[in-house]
Amino acid sequence: MDLIRQLDFSTINFIEQIRTPFLTLFFKAVTAMGEWSFVLGVLFFISLFFIIKKRFRYDLILWTITIGGLGTAFVLKEIFHRDRPLGGLVAETSSSFPSAHAVISVAFYAFVFYLLARNTKSNFSKYLLISALFLIPILLGFSRLYLGVHYLSDVLTGYAIGLVWFLIGVYGIKFINRKRISA
C-alpha cells in the first residue's frame, strides 16, 4: 500500500511541475470527451448508425459495455469513497476511485475504434484506428492526472475495469459473428 501511495504522490508532484496554460486548456478539452453527457451523445449517434445498418446486436453490445463499465465505476466509487487529490484544476463531486473517465476510455472509445478497425479494408486506416484505440485511453487517463482530479492508482484501476468490459464486448462480437456464420 505504501508503494501505491508513493507512486500516486510522485505522479502528482511530477505533473504539477509540467503544467502550462496551453496544456491545461488542451487537457480540459480532452477530459470533456470522458464526461458522461458527451459519451452519451456519441453513443446515441453510433447507435443510430448501427440501427441504419441493421447491426442491432452491435448496438446492444456497445450499450451493455458502456453502461456496465460506468455502472461498475460508480458502484466502486460508492464503496470506496476515496477523496480526490487536493488542488485539482477542475471541480469534481464524486469520489476518486476508480476513474470513470479511464473506464470509459477503454470500455467505450477503444471498443468503438476496435469495431471500426475490424470493419475497414484499408491497412492504413486499420493502423490509424488501432493507434487511436491506444491513444485515446492514454490521453483521457493522463488528462485526469494532469488536471489533478485523480491519483495514478485511480486511473490504472479504471483502465483495468475498462479492459474487462472491452473484452466482454470483443467476445460478444465474436459470439455474434460465430452464430451468424453457423446459421
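This is a predicted model: local features need pLDDT of at least 70, side-chain atom pairs count only at pLDDT 80 or more; totals for chains, interfaces and linings use all residues.
What elements make up the chain? It has seven helices and zero strands, giving the pattern α-α-α-α-α-α-α when read along the sequence.

Here are some values for the chain as a whole.

| Property of the chain | Value |
|---|---|
| Box filled by the C-alpha atoms, along the principal axes | roughly 55 × 35 × 30 Å |
| Share of the 183 residues that are buried | 44% |
| Accessible surface | about 10,500 Å² |
| Part of that surface belonging to carbon and sulfur atoms | 72% |

The radius of gyration is 17 Å, which agrees with the value near 16 Å that a compact globule of 183 residues would have.

Now to one pair of helices. Two packed helices are described by the angle between their axes and the distance between the axes. For helix H5 (residues 100–118) and helix H6 (residues 123–146), the axes come within 8 Å and cross at roughly 170 degrees. An angle over 145 degrees counts as roughly antiparallel, and H5 and H6 are therefore roughly antiparallel to each other.

Which residues meet where H5 and H6 touch? On the H5 side they include His101, Val106, Tyr109, Phe113 and Arg118, while the H6 side includes Lys126, Leu129, Ile136, Pro137 and Arg144. By type, the residues of this contact divide into 14 nonpolar, two polar and three charged.

Key
Residues are numbered from 1 along each chain as its sequence is written. Side-chain values use heavy atoms; hydrogens and water are left out. Axes are lines fitted to C-alpha atoms, for helices over the stretch in contact, and angles run from 0 to 180 degrees between N-to-C directions. Helices (H or I, at least four residues) and strands (E, at least two) are DSSP runs, numbered from the N terminus. Angles under 35 degrees count as roughly parallel, over 145 as roughly antiparallel, 65 to 115 as roughly perpendicular and the rest as oblique. Contact means heavy atoms within 4.5 Å. Ala, Val, Leu, Ile, Met, Phe, Trp, Tyr, Cys and Pro count as nonpolar, Asp, Glu, Lys and Arg as charged, and the others, Gly among them, as polar. The radius of gyration is taken over C-alpha atoms; the globule rule is 2.2 Å times the number of residues to the power 0.38. Buried means under 20% relative accessible area, exposed over 50%, partly exposed in between (1.4 Å probe, protein chains only). Accessible areas come from the Shrake-Rupley method with a 1.4 Å probe; for residues, only the protein chains shown count as cover.
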